[in-house]
Amino acid sequence: MPEPEKPKALMAEMHKSHRNTEATPEQDLATSLRAIPVVHSDYETVTTMDQLDRWIAAALNQAYVCIDTETDSLDAMQANIIGVSLATAPGKACYIPLGHQAAGEGLFGGGMLEGQINRDAALAKIKLLCEASHVLKIGQNIKYDMLGLSQRGISIHPIDDTMLLSYVVESGDVGHGMDELSERHLGHKPISFKDVAGSGKGQITFDRVPIDRATAYAAEDADITLRLWMVLKDKLIHIKKTTVYETLERPLIPVLMQMEREGVEVDRGVLAKLSSEFATKQAAIEIEIHKLAGQPFNIGSPKQLGDILFGKMNLPGGRKTATGAWSTDADALDDLAAQGIELAKRVLDWRQLAKLRSTYTEALPTFINPKTGRVHTSYAMASTSTGRLSSTDPNLQNIPVRTDDGRRIRTAFVAPQGSKLISADYSQIELRVLAHVADIPQLKKAFADGLDIHAMTASEMFGVPIEGMDSSVRRRAKAINFGIIYGISAFGLSNQLSISREEAGDYIRTYFKRFPGIKDYMEQTKAHARAQGYVETIFGRRMHFPRINSPNPSEKAFLERASINAPIQGSAADIIRRAMIRMMPALNEQGLKARMLLQVHDELIFECPAEESKATAELVKKVMIAAPEPALKLSVPLQVDARAANNWDEAH
DNA sequence: AGTCTCACG
DNA sequence: ACGTACGTGAGACTC
């Protein structure tokens, strides 16, 4: 995607013109933008084709325009486009209503409102603008608009996204929603969606919002987004993070849009069968539990369960939660189960089945899109503090894998007839990143030699040979390796391994003695976070910890652990982002028809023609392994395991 | 709306 | 002395 020249020149211009003033450039820009008032009555409602032509012509005549679509659903795959707003300059914006209905109850509403231009004719003009390669289209979370417009055959390029600009400029404990950005950077509180559509049970869809109110709301959104773009682009340049935005954020937008649009096939029949099997098992366990408890109660209520276990039965070793209630989580029940309390064991089984049913076997089918017959998750690009993606509606990044019953849910994620699913995942990517950034000779050598990294750690720590190593020794080393990545504490490790805090402390001291570079890296990272208020990934993405010097010791310790973890987790996230961005062109070059469907942090899932599965798997591995290059050459090799099968369980 | 619990990397 | 392993999202229950 070519960088549009005019906006770049414009931003340089803005910089120059403010360079001699006392205030920093971004302060000045924000101040001057604040001086242009937001006047809702100045916004134009576009009701004729002539009016639309004038706006499109004006936009085509400049280097950038802000665009925003209004719809009747948060689900872009099912949403109807109700209107489009454009902003060409601060304070200069319009709203083009296309699908507003008369207010009223559901089907008894009064039908299409007058004074709206024909939707298809209008979208044809809007398409010209969206696809004009010399006009930068600016949006707030523009992936959403792109997905909706792509359903109508409209693509958008080139693009900029204020949400992602904000994410690069200040990723930490701040949000990146438009209302929040407006208040933070412009000192202006925009009309909220609740103000025009109401909330809760009385909420109406946008097509029932009166057009004058819709114009005030929608045109303002475009206006504000344009102003935010000016402020944020300036800040981005000022902190020299343009490359992060242009290589790790912006190019991922169309990739994720395509993945969301593609969706994944989920076999209803498989889920239905699992659901009834789980329900039957669960019902039998429920009877047993009530018998063991001597009374019926709601097993799903932690409060009632706590009362039974620690009140009525007066069992020992009960812990309390933060709010003073009896803790009944899996750890607490495990303790009781270890004491031979049958009731606790049965509740654990019941809970697992309840979870599998409510979150997976019963919820997933409701997400099958009636038009495509597939499940289309939504990826959030700016919701984590580390640069990872997150997945919602449904979350396809937490499909069970750790238990046998849970894993069976993955058999419902299938390849269509004649196709295969390919799962490709990085092996130990975070430990490899750690070996690289902390520059640990033994770790680097172990990865270079393809050794079992946990066994190597155990061997170094406990002085036992890798050959014929006791599995519990390796398990302890594995827990320590995880702990290191998380910013280890004796308490956390002791909990994980069910050992005393003293013993855990001994392990940690032993580990640091054998791997002094890790200790150094951790201390340096904390020092950097305390001094700068942020840490960075290997590609320069910043993650802010504004409260790292908190006077509250536990908060401070928590943030120090998080600051140790962030560069590791974040660098791994950057690597897979780079792989995803290169994947589409790489597949195209090879003439392969594979589609990338899902990302699960260190894993990518593809669908491809069965006869291409071998070639696809090879290429996917190659792209993933080479992802850090040419920006960076890691001092450890990356390893990717890939497999093709008819469903996700067998491919994984 | 907040809490608890639990699914994943 | 302080309470923790790091990062998420979702469903059920409670108030």
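The charged end of Lys92 sits over the ring of Trp55, at 5.1 Å from the centre of that ring. A second case of this kind involves Arg410, which lies over the face of Trp648, 4.3 Å from the ring centre. Both descriptions, like everything below, refer to a predicted model.

With these two details located, consider the chain as a whole. Chain A contains 26 helices and 16 strands. Its radius of gyration is 28 Å, close to the 26 Å that the globule rule gives for 652 residues, so chain A is as compact as a globular protein of that length. The C-alpha trace spans about 80 × 60 × 60 Å along its principal axes. Of the 652 residues in chain A, 51% are buried. The accessible surface comes to about 29300 Å², and carbon and sulfur atoms hold 51% of that surface. Contacts can also be sorted by how far apart the partners lie in sequence. Among the contacts in chain A with a separation of 6 or more, 66% are between residues 24 or more positions apart.

Next come the aromatic rings. How many aromatic pairs does a search of the whole structure find? The search finds eleven. One of them joins Tyr64 and Trp229: the ring centres are 4.9 Å apart and the planes stand at 45 degrees, so this pair is tilted. Tyr64 belongs to strand E2 (residues 64-71) and Trp229 to helix H9 (residues 211-238), so the pair links parts of the chain that are distant, 165 residues apart. Are these two residues buried or exposed? Tyr64 has a relative accessible area of 13%, which is under the 20% limit, and therefore counts as buried. Trp229 is also buried, with a relative accessible area of 0%.

The pair formed by Tyr511 and Phe512 has another geometry. Here the ring centres lie 6.0 Å apart and the planes are at 70 degrees, so the pair is edge-to-face. Tyr511 and Phe512 are both buried. Aromatic residues can also gather in a group: Tyr95, Phe193, Phe206 and Tyr217 form one aromatic cluster.

Glu249 is part of helix H10 (residues 242-249). Its relative accessibility is 0%, so Glu249 counts as buried. What does the side chain of Glu249 make a polar contact with? The partner is the side chain of Arg577, at 3.1 Å. Leaving aside residues up to four places away in sequence, Glu249 touches Leu164, Tyr167, Val168, Val244, Met381, Arg541 and Arg577.

Eight of its nine residues are buried, so helix H5 is largely enclosed by the rest of the structure. The buried residues of H5 include Ile142, Lys143, Asp145 and Met146. Leu147, Gly148, Leu149 and Ser150 are buried in H5 too.

Ala121, in helix H4 (residues 119-130), gives another reading. At 30% relative accessibility, Ala121 lies between the limits of 20% and 50%, so this residue counts as partly exposed. Where is Ala121 relative to Met49, in sequence and in space? Ala121 and Met49 are 72 residues apart in sequence, while their C-alpha atoms are 8.5 Å apart in space.

How values were computed. Residues are numbered from 1 along each chain as its sequence is written. Chains are lettered from A and ligands numbered from 1 in the order in which they are written. Side-chain values use heavy atoms; hydrogens and water are left out. Rings of Phe, Tyr and Trp (its six-membered ring) pair if their centres lie within 6.5 Å; planes under 30 degrees apart count as stacked, over 60 as edge-to-face and the rest as tilted. Helices (H or I, at least four residues) and strands (E, at least two) are DSSP runs, numbered from the N terminus. Buried means under 20% relative accessible area, exposed over 50%, partly exposed in between (1.4 Å probe, protein chains only). A charge sits over a ring if NZ of Lys or CZ of Arg is within 6 Å of the ring centre and within 35 degrees of the ring normal. A polar contact is a pair of N or O atoms within 3.5 Å; within protein, one must be able to donate a hydrogen and the other to accept it, and residues adjacent in sequence count only if both atoms are side-chain atoms. Contact means heavy atoms within 4.5 Å. The radius of gyration is taken over C-alpha atoms; the globule rule is 2.2 Å times the number of residues to the power 0.38. Accessible areas come from the Shrake-Rupley method with a 1.4 Å probe; for residues, only the protein chains shown count as cover.
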